[in-house]
Amino acid sequence: MQRHWMVTLQNLSSSGRSWDADVPKALLEDELYGSVNVLPGLAGDVHWQLSLQREGSAFRLNGSWEACLARSCSRCTAGFNWSVAGASERLYQFSSSSDKKSDTDEDEQSYDYIERPGEVNLLDVLREDIWLAWKADVICSDTCKGLCQGCGVNLNTSPCQCVPDDSNNPFAALRSLKLDG
Ligand SMILES: [Zn+2]
Ligand SMILES: [Zn+2]
């Protein structure tokens, strides 16, 4: 299958590896591949620049990604493509390592412990990082005007339809007919 996105840390060459790739949306959405929940509504492939280097007995993964997801604006409810970018950082250490670090380790690095030979599914790493960057409330634009509290129209695309309260006015019914037309 997609061996391209599987790495085995134990086999990493001393010069390390790097990637600069568009990770296919279809792969990130494939439930059969990887164990991290798939991302809903990816608008396209995810650009990922990534490097993996040996660092003493550990392995440092470092990268940055840019993704675009189909979301709904929490202000005006319209659909839009939410652009989000973030970093990927991991420091792997074999769990069998005799020098397993304690909390009081001098450099206070936080390791991700992994069984030898250290199979890492990079797609899961990327999914995890995008989930961490997920925000519940996103707006389509800083200048989004939202929905009118009165008539509910999207004020970005339509003028407010609120009519003054003139229920005593005999022409009120006529006016709303006109608006509907
Ligand atoms: Zn909006
Ligand atoms: Zn209104």
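Student: In which sense do E3 and E4 pair, and over how many bridges?

Tutor: E3 and E4 pair in the antiparallel sense over nine bridges, where strands count as paired if DSSP finds at least two bridges between them. Helices (H or I, at least four residues) and strands (E, at least two) are DSSP runs numbered from the N terminus. Before going on, note that this is a predicted model, in which local features need pLDDT of at least 70 and side-chain atom pairs count only at pLDDT 80 or more, while totals for chains, interfaces and linings use all residues. Residues are numbered from 1 along each chain as its sequence is written, and chains are lettered from A and ligands numbered from 1 in the order in which they are written.

Student: OK, and which residue of E4 is the bridge partner of Leu-50?

Tutor: The partner of Leu-50 is Gly-63 in E4. The two strands also form a hairpin with two residues between them, and Gly-56 in the turn has a positive phi of about 65°.

Student: Let's zoom out. What is the order of the strands in the open sheet?

Tutor: The order is E2-E3-E4-E5-E6, an open sheet of five strands with mixed pairing. Strand E2 (17–23) and E6 are the edge strands, each pairing on one side only. On average, neighbouring strands of this sheet are turned by 25° against each other, direction ignored. For that kind of angle, axes are lines fitted to C-alpha atoms (for helices, over the stretch in contact), and angles run from 0 to 180 degrees between N-to-C directions.

Student: Which of the other pairs run antiparallel, then, and which pair is parallel?

Tutor: E2 and E3 run antiparallel and are joined by seven bridges, with Arg-17 bridged to Leu-52 in E3. E4 and E5 also run antiparallel, joined by 15 bridges; within that pairing Trp-65 stands opposite Gly-86 and Ser-64 stands opposite Ala-87. E5 and E6, by contrast, pair in the parallel sense over three bridges, and Tyr-92 stands opposite Asp-112 in E6.

Student: How many helices and strands does the whole chain have?

Tutor: The protein chain has three helices and seven strands, and from the N terminus on its elements run β-β-α-β-β-β-β-β-α-α.

Student: Where does H2 sit relative to the sheet?

Tutor: H2 lies across E2, E3, E4 and E5, and runs at about 125° to E5. Its 12 residues should span 16 Å at 1.5 Å a residue, and its end C-alpha atoms are 17 Å apart, which agrees; the expected span here is 1.5 Å times one less than the number of residues.

Student: Which residues of H2 are buried?

Tutor: Leu-122, Leu-123, Val-125, Leu-126, Arg-127, Asp-129 and Ile-130 are buried in H2. A residue is buried if 20 or more other C-beta atoms, placed from the backbone, lie within 10 Å of its own, exposed if 12 or fewer, and partly exposed in between. Over the chain, buried residues make up 16% of the 181 residues.

Student: And how many residues are in the largest nonpolar core?

Tutor: That core has 19 residues, and those with the most contacts inside it are Val-23, Val-46, Ala-67, Leu-122, Leu-123 and Leu-126. Strand E3 (46–55), strand E4 (58–72) and helix H2 (122–133) each supply at least two residues of it. A nonpolar core is a set of buried Ala, Val, Leu, Ile, Met, Phe, Trp, Tyr and Cys residues joined through C-beta atoms within 7 Å.

Student: What is Ala-67 in contact with, beyond its neighbours within four places in sequence?

Tutor: Ala-67 is in contact with Leu-42, Val-46, Val-84 and Ile-130, where a contact requires C-beta atoms, placed from the backbone, within 7 Å.

Student: What about Thr-77, is it buried or exposed?

Tutor: Thr-77 is exposed, because 12 other C-beta atoms lie within 10 Å. Thr-77 lies in the loop between E4 and strand E5 (79–94), and its phi is near 65°, a positive value in a residue other than glycine. Most residues other than glycine have a negative phi, and most peptide bonds are trans.

Student: Last one: how far apart are Lys-135 and Val-84, in sequence and in space?

Tutor: They are 51 residues apart in sequence and 9.7 Å apart in space, C-alpha to C-alpha. Lys-135 is placed in the loop between H2 and helix H3 (172–180), and is exposed, with 10 other C-beta atoms within 10 Å.

Notes. Contact = placed C-beta atoms within 7 Å.
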